[in-house]
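Let us take a walk through a protein model together.

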Amino acid sequence: MSDDPLAGSRGGTATAETPPPDGAGRDNQPAPLAGAPRVSRRRKALRPYLLSVPAVLLCAGILYPFFLGVSYTFFDFSAANPAPDAVGFDNFTTILGSDAFWTSVRVTLTFALSATVLETVLGVGVALLLNRSSLVGKLFERVLIVPLMVAPILAAIMWKLLLLPEVGWVRPIAQFFGVNDYNGTDSPVMAMVWAVIVDAWIFTPFVAIIALAGLRSLPKSPFEASAVDGAGWWLTFRKLTLPMLWPYLLVAVIFRLMDNLKMFDVIFGLTSGGPGDATTTLQISAYLEAISYARYSRGLTYMFLLWLLVFVISMILVKYLRRIQDRAAGV
Amino acid sequence: MSAMDDNHFITSTAGRGLSRRRLLRIAGTATAAAASVPLLQACGFGGQAGTSGDSAANAVTGSFDWKKHKGKTVRLLMNKHPYTDALKAHRKEFEEKTGITLAIDEFPESNYFDKLTLELRSRQGNYDAFMLGAYMVWQYGPPGYLEDLQPWIDNTSATAAEFEPDDFFPNLLTAGQWNFENGAPLGGDQQWMLPWGFETNTVCYRKDVFDKLGLRPAETFDELIETADAITKKASSAGFGDMYGIAVRGSKEWATIHPGFMTMYARMGLTDFELADGKLIPMMNSPEAVEFTDKWAKMVADSGPAGWTSYTWYQASSDLGAGNAAMLFDADIAAYFQNEDTPAAGKLAWHPGPKGPDGSLDTNMWIWSLGMNAASENKEAAWWFLQWATSKEHLQYAATKKQHIDAVRTSVAGSPEYKDRLSKATNFVETFEEVMPQTAIQFTPQTNFFDATTSWAAALQQIYNGSDASGTLDKLANDLEGRVNG
């Protein structure tokens with residue numbers, strides 16, 4: 001037996017046949033098992049490359065369609081022009097020079113920020129309510145996830161029917177509260193407001209679930225100490241709960257903001273981007289160009305510009321999240 | 001490669017210091033380059049626009065025989081529609097008559113054209129024939145996705161004697177003809193689709209409401225506005241609840257423009273584009289067009305439904321059937337289907353709608369037609385199907401036993417059985433016969449039709465919401481001029 005207590009774990013059970021560490025392992029690799037087939041130098045040399053094949057294929061599977069899509073943006077590819085010519089940056093200059101694009105950017109940011117803020121505020125509120133272990137809370141916890149199970153396009157159509165003044169349920173409710181000029185999504189402002197509300201109806205549970213998980217993982221001692229010190233609910237929430245919960249919330253915020261920047265089905269199902277261009281986000285502009293008008297290169301250019309926007313914003317948020325996590329970990 | 005060569009390869013690459021990163025880079029580049037060729041080709045790069053060339057119809061010789069393609073299968077891409085239901089109910093007769101089997105794939109209208117566009121773009125010929133409208137010819141025709149049907153019609157070896165193309169309403173046949181030059185009028189020697197069923201646009205109204213309020217159908221556009229306003233103001237006191245005056249489409253899509261709006265626009269003597277020096281000039285912002293559009297938007301705001309900007313044909317026609325609207329300016333058959341099993345059933349009547357200042361009854365239309373895939377490898381059997389599906393035999397059955405209305409053939413439209421069936425709908429036949437001579441495609445043919453009309457619908461929504469009509473339509477015209485001529 002070796003005097004080295006770790007000999008078994010380093011070299012397996014081989015003892016007498018095991019060559020000394022400096023003999024087998026120019027590369028400091030563990031010695032082969034006794035009786036194991038000898039591996040040729042060629043196979044050894046190839047092994048790292050073979051091991052990387054799955055990763056290469058995975059990367060290719062992700063990056064190939066992406067770069068193919070990007071390459072289309074430099075052509076004038078459309079249904080009417082199946083043999084396209086290279087046009088350089090024409091698609092970019094045309095789109096970036098159009099009012100419609102900047103209107104879409106404004107609409108996209110308005111929708112994404114409004115929906116994300118609303119979902120975060122409501123999600124935290126719901127999580128705080130559920131964190132109290134009441135019977136209603138336990139019941140509500142079970143049904144909370146239901147909107148998330150509904151496909152967003154179906155939710156949008158369902159809400160569209162509810163909002164239709166002639167047949168929906170919202171108008172009578174509005175009239176009950178004295179709102180007699182209810183017009184559904186007719187006005188630009190109300191179209192955006194309802195799009196945000198419908199999005200919040202679907203996705204607030206997502207934020208609530210993450211916030212609830214965060215709340216339940218927080219240590220109890222600081223809260224007990226603050227209770228002993230006589231701190232009120234609001235002070236405890238502001239100075240203790242929220243700062244400790246923030247790393248969890250930020251994860252939800254990043255997910256929701258990225259998703260809301262790319263939101264299509266909720267808005268398209270509800271308003272088709274109207275009235276006028278009041279809810280025409282970048283994603284809807286891309287759909288209209290690529291699918292409705294069959295101008296594929298233009299649609300992909302919109303998509304690429306949207307991807308850039310999402311990429312930049314998410315990078316900033318991820319960097320911020322890391323900083324917060326480092327701070328929480330005391331790094 | 002020998003063992004020695006292998007060793008040499010390894011040694012030499014190692015000797016050159018081939019790093020893992022470099023190998024991956026080379027492999028990635030090579031893979032992407034190799035893969036991009038077929039994919040780019042599949043996506044259309046490097047392909048060629050279709051050319052009419054020699055038609056496959058010319059290869060058909062001998063006497064015509066319905067059984068010539070016995071045992072073959074024709075694959076159809078169809079929209080879920082009463083016309084398709086009628087076809088499915090009658091398919092057995094076709095299969096017995098020809099020995100050809102029909103394989104039908106149906107998709108709802110909301111994604112039917114997306115599916116069709118992708119199918120045609122792929123040039124795989126997975127479907128031999130499909131449904132389309134005249135406006136789709138302007139998009140699918142120029143790249144060569146559609147088979148020219150005229151050589152098939154002209155070849156007596158390929159076409160049964162009883163087919164009789166002259167039996168179609170002429171305007172419907174003309175709607176499927178175009179030379180693919182932006183702005184050029186419809187017509188010519190090439191037939192890109194065959195009419196199957198269609199909709200003309202008229203006003204359908206509630207007789208009982210008009211009788212009680214002492215109203216008569218409007219003969220001018222101003223009268224239409226006044227009538228709609230009067231109904232909205234008086235319906236409640238007359239016992240019709242919250243009924244509003246007039247239902248028309250209002251959602252942000254091309255289909256908002258083409259029925260009532262375009263019909264009235266054309267009757268006012270207005271055009272969407274004019275061709276000048278080979279360029280399309282948008283005319284939606286002419287002073288007369290601005291005045292008309294402003295009046296239309298105000299009519300809807302004052303006498304139309306709340307929530308109008310989300311109104312498709314379905315909501316508009318449902319409101320008529322449910323008793324929420326007193327008039328519908330839309331497809332005649334959209335109202336026809338509301339005359340059965342609805343609160344308004346039996347109370348509806350049809351009228352051509354307001355005339356233009358010069359008495360014009362110019363009317364726009366939608367035609368559900370059948371076309372053949374230029375990439376089909378089964379064109380003869382597909383043509384056997386197309387001529388049967390648009391034959392008097394099938395269309396008479398579909399129009400009298402099923403819901404295949406309006407009839408595209410004069411013989412069917414004029415048959416006593418068809419007229420008898422429609423007689424329950426007050427003035428439906430009379431209205432149809434009055435507007436039919438002036439029913440045609442009122443748009444200027446051009447490849448960016450869907451962009452132009454969707455943008456037009458968005459502008460209409462903005463005017464409805466209070467934007468200045470002149471400024472909004474000027475901006476629309478400026479934007480469109482670059483896009484349609486680009």
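Domain bounds, as used here, come from an automatic or database domain assignment. Keep in mind too that this is a predicted model. With that said, look at chain B, where the assignment gives domain 1 (64-199 + 366-438) and domain 2 (201-365 + 445-484). Each domain is written as two stretches of the chain. Between the centres of domain 1 of chain B and domain 2 of chain B, taken over C-alpha atoms, there are 28 Å.

Where do these domains touch? The contact takes 24 residues from domain 1 of chain B and 25 residues from domain 2 of chain B. On the side of domain 1 of chain B that touches domain 2 of chain B, at least two residues each come from α5 (134-140), β4 (194-206), β10 (365-372) and α18 (428-435) of chain B. Of these, α18(B) gives the most, with five residues. Sorted by class, this side of domain 1 of chain B has 14 nonpolar, seven polar and three charged residues.

Now step back and view chain B as a whole. You can find 20 helices and ten strands in it. Of the 486 residues in chain B, 50% are buried.

One helix of chain B deserves a visit of its own. α19(B) has 16 residues and reaches 22 Å from its first C-alpha to its last, close to the 22 Å expected at 1.5 Å a residue. How many of the residues of α19(B) are buried? The count is 16 of its 16 residues, so to speak a mostly covered helix. Just after α19(B) comes B:G466, which takes a positive phi of about 105°.

Next, let us cross over to chain A. The contact between the chains takes 38 residues from chain A and 43 residues from chain B. On the side of chain A that touches chain B, α3 (41-72) and α14 of chain A each supply at least two residues. The largest share, nine residues, comes from α3(A). This side of chain A divides into 22 nonpolar, eleven polar and five charged residues.

Why is helix α14 (residues 282-292) of chain A largely enclosed by the rest of the structure? Nine of its eleven residues are buried, and therefore the helix is largely enclosed. Among the buried ones are A:L282, A:Y287 and A:A290. What covers the buried residues of α14(A) includes α5 (99-131), α13 (265-271) and α15 (296-329) of chain A, together with α19 (449-464) of chain B. After α14(A) comes A:A294, whose phi is positive, near 55°.

Our last stop is A:A127, which has its place in helix α5 of chain A. Is A:A127 buried or exposed? A residue counts as buried if 20 or more other C-beta atoms lie within 10 Å of its own. A:A127 has 26 other C-beta atoms within 10 Å, so A:A127 is buried. Leaving aside its neighbours within four places in sequence, A:A127 is in contact with A:A208, A:A211, A:L212 and A:L215. For A:A127 and A:F237, which are 110 residues apart along the chain, the C-alpha atoms are separated by 13 Å.

Key: Residues are numbered from 1 along each chain as its sequence is written. Chains are lettered from A and ligands numbered from 1 in the order in which they are written. This is a predicted model: local features need pLDDT of at least 70, side-chain atom pairs count only at pLDDT 80 or more; totals for chains, interfaces and linings use all residues. A residue is buried if 20 or more other C-beta atoms lie within 10 Å of its own, exposed if 12 or fewer, and partly exposed in between; C-beta atoms are placed from the backbone. Helices (H or I, at least four residues) and strands (E, at least two) are DSSP runs, numbered from the N terminus. Two residues are in contact if their C-beta atoms, placed from the backbone, lie within 7 Å. The expected span of a helix is 1.5 Å times one less than its number of residues. Ala, Val, Leu, Ile, Met, Phe, Trp, Tyr, Cys and Pro count as nonpolar, Asp, Glu, Lys and Arg as charged, and the others, Gly among them, as polar.
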